[in-house]
Amino acid sequence: MTTESTSRYDNLEQMSVRDLLININREDQTVPLAVEKAIPQLEALVEQVAGRMSRGGRLFYIGAGTSGRLGVVDASECPPTYGVPFDLVIGIMAGGDKAIRKAVENAEDDPEQAWKDLQEYHINELDSLVGIAASGRTPYVIGGLKAARGAGVLTGCIVCNEGSAVAAAAEYPVEVVVGPEFVTGSTRMKAGTAQKLVLNMLSTSVMIRLGRVKGNKMVDMQMTNHKLVLRAIRMVREELGVSDEEAKALLDANGSVRAAIEAGRTA
């Protein structure tokens, strides 16, 4: 349980603000290196998830506290970024959506609740489930993974301790060992950062494998505000070598960056 180990620092309340920031940043710099060591595990998970999703499956995340919130964030960002349906990547948090803003007491301690939550979405053997738990011992996540695996669902996890019960419950564990936190046991810090990095890598790689990126561009993104409309115009302009006005006309006529580029090339 290195996530619970005593901090390398002490007497934090006596540090200056500058020293606090320097030392927190020093610890944060170790996180990408820990993630790098887990790339082979993450590669196996990405290949499996992408394969299932290419056959019509969905991706679910489950977690509690910071871990659950990170899963919800990652899931919620996939539709606007990649133009996928809102029910393709789904984040579920112990305690329900209300727990995103306010902790729900004992919500993570029920090993049967996650499977009940997942059944509301009619999860099936085409789907993939990734449990997120810094400690690797959250009953909500362990129970959900075990039940899902027994039902033929692909299972993976993101944890920050080695040899955890969560990892044992998953077919494709990703273990990112970040060591002691700056504030002892505060896993929203390095562990949370590691989980966010892994989630970025997982969902981005899967979406690229599913054809949702062309070259290096988000050609299926949803143009839901002025900033994104300008980004879309820029992508079409750069891809086709046309003016902003021509790019906007193509977007207005075709509804997406991908369709606008295809129409511009066949015009």
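**Entry 1: the whole chain**

What share of the 267 residues of the protein chain counts as buried? I looked it up: 45% count as buried. Buried means under 20% relative accessible area, exposed means over 50%, and partly exposed lies in between, with a 1.4 Å probe and protein chains only.

I note that this is a predicted model, so local features need pLDDT of at least 70, side-chain atom pairs count only at pLDDT 80 or more, and totals for chains, interfaces and linings use all residues. Residues are numbered from 1 along each chain as its sequence is written, and side-chain values use heavy atoms, with hydrogens and water left out.

I found 11 helices and 5 strands in the protein chain. Both are DSSP runs numbered from the N terminus: helices are H or I with at least four residues, strands are E with at least two. I then boxed the C-alpha atoms along the principal axes and got roughly 65 × 50 × 35 Å.

Next I looked at contacts, meaning heavy atoms within 4.5 Å. Among contacts in the protein chain with a separation of 6 or more, 68% join residues 24 or more positions apart.

**Entry 2: the largest pocket**

I turned to empty space. Rolling a probe the size of a water molecule over the atoms shows where such space is left. A pocket here is an open set of points on a 1 Å grid over the protein atoms alone, where a 1.4 Å probe fits, with protein on both sides within 12 Å along at least five of seven lines; lining residues have an atom within 4 Å of a point. Grid points are joined across faces, edges and corners, and the volume is the space filled by probe spheres set on the points.

The largest pocket has a volume of about 250 Å³. I listed 15 lining residues, and I90, G91, I92, D97 and Y121 are the closest to the centre. Helix 4 (65-82) and strand 2 (89-93) are the elements that each give two or more residues to this lining. Strand 2 gives the largest share, 5 residues.

I sorted the lining by class: 9 nonpolar, 3 polar and 3 charged. Ala, Val, Leu, Ile, Met, Phe, Trp, Tyr, Cys and Pro count as nonpolar, Asp, Glu, Lys and Arg as charged, and the others, Gly among them, as polar.

**Entry 3: the second largest pocket**

Which residues lie nearest the centre of the second largest pocket? I noted A64, S67, E108, A134 and T187, out of 13 lining residues. This pocket holds about 210 Å³ of space. Helix 4 and strand 3 (128-133) each give two or more residues to its lining. The largest share, 3 residues, comes from helix 4. The classes here are 4 nonpolar, 7 polar and 2 charged.

**Entry 4: D127**

I found D127 in the loop between helix 5 (113-119) and strand 3. Is D127 buried or exposed? D127 is buried, because its relative accessible area is 1%.

I checked its polar contacts. These are pairs of N or O atoms within 3.5 Å; within protein, one must be able to donate a hydrogen and the other to accept it, and residues adjacent in sequence count only if both atoms are side-chain atoms. The side chain of D127 makes one with the side chain of R58 at 2.7 Å. The D127 side chain also reaches the backbone nitrogen of N124, at 2.9 Å. Leaving out residues up to four places away in sequence, D127 touches R52, G57, R58, F60, H122, V153 and L154.

**Entry 5: salt bridges**

I counted 12 salt bridges in the structure. Each is a side-chain nitrogen of Lys or Arg within 4 Å of a carboxyl oxygen of Asp or Glu.

K190 and E27 meet in one, at 2.7 Å from N to O. K190 sits in helix 8 (residues 190-209) and E27 in helix 1 (residues 17-28), 163 residues apart. Both K190 and E27 are buried. R8, E27 and K190 are linked in a network of salt bridges.

E47 pairs with R209, with the closest N and O atoms 3.6 Å apart. E47 lies in helix 3 (residues 39-54) and R209 in helix 8, so this pair ties together parts 162 residues apart in sequence. E47 counts as partly exposed because its relative accessibility is 41%. R209 counts as exposed, at 58%.

E77 forms a salt bridge with K196, with the closest N and O atoms 3.7 Å apart. E77 lies in helix 4 and K196 in helix 8, so the pair ties together parts 119 residues apart in sequence. I read E77 as partly exposed, at 38% relative accessibility. K196 is partly exposed, at 23%.
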